[in-house]
Amino acid sequence: MITVSAPAKVNLHLEVLGLRADGFHELAMVMQSIDLADRLVLQNTADAQLRLSCDDDSLSVQEDNLVLRAARLLRDRSGFSELGAAIHLEKRIPIGAGLAGGSSDGAAALVGLNALWGLGYSVADLEMMAAALGSDMPFCVAGGCQLCFGRGEVLEPVASASKALSVLLVKDPSVSVSTPWAYKRCRELHGQTYLVGERAFEQRREALRNAAWLKPLRSDCPPPLQNDLQAVVEPETEAVRQALRLLNTLSDSLAVAMSGSGPSCFALFPDLPSCEKARDRISVELDGAGLKAWCCPLRSDGVRIES
Ligand code: C5P
């Protein structure tokens with residue numbers, strides 16, 4: 001039996017550069033793992049079946065779940081069709097939140113089953129398989145802080161952030177945003193001004209690689225937290241406007257933004273105690289607005305085998 005921790009991420013930077021020939025968006029992102037994690041418990045079975053159970057009834061445990069898709073892909077690639085596993089998912093990361101919870105679970109299935117079945121694939125091999133299943137999934141394998149280019153799957157690790165930095169994460173549990181919708185809307189609103197051509201894309205990537213706030217991430221030079229999808233999602237989503245309004249009242253936060261395609265939003269703090277104090281100051285307003293909150297330190301790794 002193997003237990004794997006699958007952490008959420010936030011986007012410290014999400015820049016939509018343009019359109020790709022495959023119809024996806026060309027992105028320049030900085031993704032950061034945070035200490036809010038799902039847990040997968042994996043066990044070998046002798047019946048060549050791949051089974052998933054979950055403590056959250058609202059989540060599908062059928063073939064569309066990224067955990068089962070990842071398990072199937074890994075087994076197909078290995079050629080050992082007799083391999084079986086029973087996987088139990090303990091869901092802690094909010095669903096449909098822009099926190100890559102589903103992607104991290106899929107990445108955890110790849111890492112966990114690779115170990116459970118003794119397949120010996122490298123991290124690079126697993127990242128390549130992850131890229132076939134979702135744009136955010138390769139990042140989730142090694143996690144930490146990484147530049148993510150292409151549609152999200154081209155990874156460049158950056159220096160580890162100050163461990164103390166923490167995020168106050170806020171989300172309305174009853175609201176989720178569809179990622180395909182957010183990108184489609186982005187194209188409708190901003191497609192005319194997208195950059196065109198590899199030269200223009202590479203200039204933006206280079207600017208991000210050289211950003212002073214990334215060398216390394218620290219509280220005395222905080223990131224500006226750009227998210228191009230925020231301008232697309234915020235006008236259409238009251239829960240995002242409310243979350244941002246409340247987080248922006250916290251004068252001691254370093255920066256505030258939406259994560260991914262939303263609707264979760266976060267404020268960055270120099271350390272966990274200041275993050276927790278800030279949450280306590282707005283707890284009544286958070287409750288009143290129906291928003292759930294989490295205080296999470298940054299995490300310097302991604303999927304981790306715990307036992
Ligand atoms: O790869 P993933 O399944 O996470 O992407 C979900 C959807 O989001 C895609 O089908 C696409 O519509 C949109 N997307 C995009 N450009 C990206 C990533 C995602 O347009 N780089």
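Q: Hi! Which elements each supply at least two residues of the shell around the ligand?
A: Those are β2 (25-45) and α5 (179-190). Keep in mind that this is a predicted model.

Q: Got it. Where does the largest share of that shell come from?
A: From α5, with three residues.

Q: And which residues are around the ligand?
A: They are F24, H25, L27, G134, S135, R151, T179, P180 and Y183.

Q: How do the residues of the shell divide into nonpolar, polar and charged?
A: Four are nonpolar, four are polar and one is charged.

Q: Let's get to the contacts. What is 2.6 Å from an oxygen atom of the ligand?
A: An N or O atom in the side chain of S135.

Q: What about the nitrogen atoms of the ligand, say with H25?
A: A polar backbone atom of H25 is 2.8 Å from a nitrogen atom of the ligand. For R151, a backbone N or O atom lies 3.1 Å from a ligand nitrogen.

Q: How much of the ligand's accessible area does the protein cover?
A: On its own the ligand has 450 Å² of accessible area, and the protein covers 71% of that.

Q: Changing topic: which pocket is the space taken by the ligand?
A: That space is the largest pocket.

Q: And where does the ligand lie relative to domain 1 (2-159) and domain 2 (166-297)?
A: The ligand lies between them, because both domains give residues to the shell around it.

Methods
Residues numbered from 1 in each chain as written. Predicted model: local features only at pLDDT ≥ 70, side-chain atom pairs only at ≥ 80, totals over all residues. Heavy atoms only, no water. Near = heavy atom within 4 Å. Polar contact = N/O pair within 3.5 Å; in protein donor to acceptor, adjacent residues only side chain to side chain. Areas by Shrake-Rupley, 256 points an atom, 1.4 Å probe, with all protein chains shown as cover. 1 Å grid on protein atoms, 1.4 Å probe; cavity = no way out; pocket = protein on both sides within 12 Å on 5 of 7 lines; lining within 4 Å. Sits in = over half its atoms within 2 Å of the grid points. Helix = DSSP H or I, 4+ residues; strand = E, 2+ residues; numbered from the N terminus. Nonpolar A, V, L, I, M, F, W, Y, C, P; charged D, E, K, R; others polar. Domains from an automatic or database assignment.
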